[in-house]
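Student: I am new to this structure. Could you walk me through it?

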Amino acid sequence: MKSENAENQIKMRVSFDLDEVLFVRPETHKTEPPLAFPYNKLYKERLRLGTPDVIKTLQDLGYEVWVYTSSFRSEKYIRNLFRHYKVHFDGIVNGNRHMKEVQRDKKEMLPQKLPNKYRISLHIDDEAIICTLGKQYGYNVFQLDAQDDDWKEKIIECAAKIRKREFGV
């Protein structure tokens, strides 16, 4: 029987891609209000409506929330942008980190994201190829691309199912 302390240390990780998942265009998606001047000039990305809420909700439910992006935005840039929305990530994997830690010196090209290499139990992405490769490479993925008013609830429900299946919680 696991101790309560050991159970508290096991946290399921959920990661989000940035472009077209958390960062969206106001022409195609509902968005959070833009940051106030002068930050709106420094951080031009617009967040999908509900992004801060879903991240905080997942963390309140005991999940670690990460960013896993193939973009080469710096970790500092990502952390600082989200700090303006009062969001803190538990981990960030960008294109540089992925190339250094996952691809390394392997001759065969690996997929641009391998969430299971970072013990991420659920990855949210818009790209069909990333979602398709989930089965082949052994990671759970939720595809999110189009505007969806229920996206937060769907992700929380998907995460709960995976946590129950993998952790029995």
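The questions below go from the whole chain to single residues.

Tutor: This is a predicted model, where local features need pLDDT of at least 70, side-chain atom pairs count only at pLDDT 80 or more, and totals for chains, interfaces and linings use all residues. Residues are numbered from 1 along each chain as its sequence is written, and side-chain values use heavy atoms, with hydrogens and water left out.

Student: How many helices and strands does the secondary structure of the chain come to?
Tutor: Helices (H or I, at least four residues) and strands (E, at least two) are DSSP runs, numbered from the N terminus. Read along the sequence, they follow the pattern α-β-β-α-β-α-β-α-β-α-β-α-β-α. The total is seven helices and seven strands.

Student: What is the radius of gyration of the chain?
Tutor: The radius is taken over C-alpha atoms, and the globule rule is 2.2 Å times the number of residues to the power 0.38. For 169 residues that rule gives 15 Å. The chain's value is close to this, so the chain is as compact as a globular protein of that length. The radius of gyration is 16 Å.

Student: Which share of the 169 residues is buried?
Tutor: Buried means under 20% relative accessible area, exposed over 50%, and partly exposed in between (1.4 Å probe, protein chains only). By that cut-off, the buried share of the chain is 45%.
The C-alpha trace spans about 55 × 40 × 30 Å along its principal axes.

Student: Which share of the contacts with a separation of 6 or more joins residues 24 or more positions apart?
Tutor: Contact means heavy atoms within 4.5 Å. Counting those with a separation of 6 or more, the share from residues 24 or more positions apart is 64%.

Student: How are the rings of Phe23 and Phe82 arranged?
Tutor: Rings of Phe, Tyr and Trp (its six-membered ring) pair if their centres lie within 6.5 Å; planes under 30 degrees apart count as stacked, over 60 as edge-to-face and the rest as tilted. The structure holds five such aromatic pairs. In this one the centres are 5.8 Å apart and the planes lie at 15°, so the pair is stacked.

Student: How many residues apart in sequence are the parts that this pair ties together?
Tutor: Phe23 lies in strand E2 (residues 23-24) and Phe82 in helix H4 (residues 75-83). Phe23 is buried at 5% relative accessibility, and Phe82 is buried at 0%. The parts tied together are 59 residues apart.

Student: What kind of pair do Tyr43 and Tyr77 form?
Tutor: Tyr43 is in the loop between helix H2 (39-42) and strand E3 (46-47), and Tyr77 is in helix H4, 34 residues apart. Tyr43 is buried at 8%, whereas Tyr77 is partly exposed at 22%. Their rings are 5.1 Å centre to centre, with 55° between the planes. The pair is tilted.

Student: Which parts do the buried residues of H4 pack against?
Tutor: Those buried residues are Ile78, Asn80, Leu81 and Phe82. They pack against E2, E3, helix H3 (51-60), strand E4 (64-68) and strand E5 (91-93).

Student: The charged end of Arg163 sits over the ring of which residue?
Tutor: A charge sits over a ring if NZ of Lys or CZ of Arg is within 6 Å of the ring centre and within 35 degrees of the ring normal. Arg48 does this with Trp151, 5.4 Å from the ring centre. For Arg163 the distance is 4.0 Å, and the residue is Tyr63.

Student: Is Lys113 buried or exposed?
Tutor: Lys113 is in the loop between helix H5 (95-103) and strand E6 (120-125). Beyond neighbours within four places in sequence, its contacts include Tyr68, His98 and Asp125. Its relative accessible area is 0%, so Lys113 is buried.

Student: What is the length of the polar contact between the side chains of Lys113 and Asp17?
Tutor: A polar contact is a pair of N or O atoms within 3.5 Å; within protein, one must be able to donate a hydrogen and the other to accept it, and residues adjacent in sequence count only if both atoms are side-chain atoms. For Lys113 and Asp17 the length is 3.2 Å.

Student: The side chain of His98 reaches the backbone oxygen of which residue?
Tutor: His98 is found in helix H5 and is buried, at 4%. Among the residues that His98 touches are Tyr68, Gln112 and Lys113. At 3.4 Å, the backbone oxygen reached belongs to Gln112.
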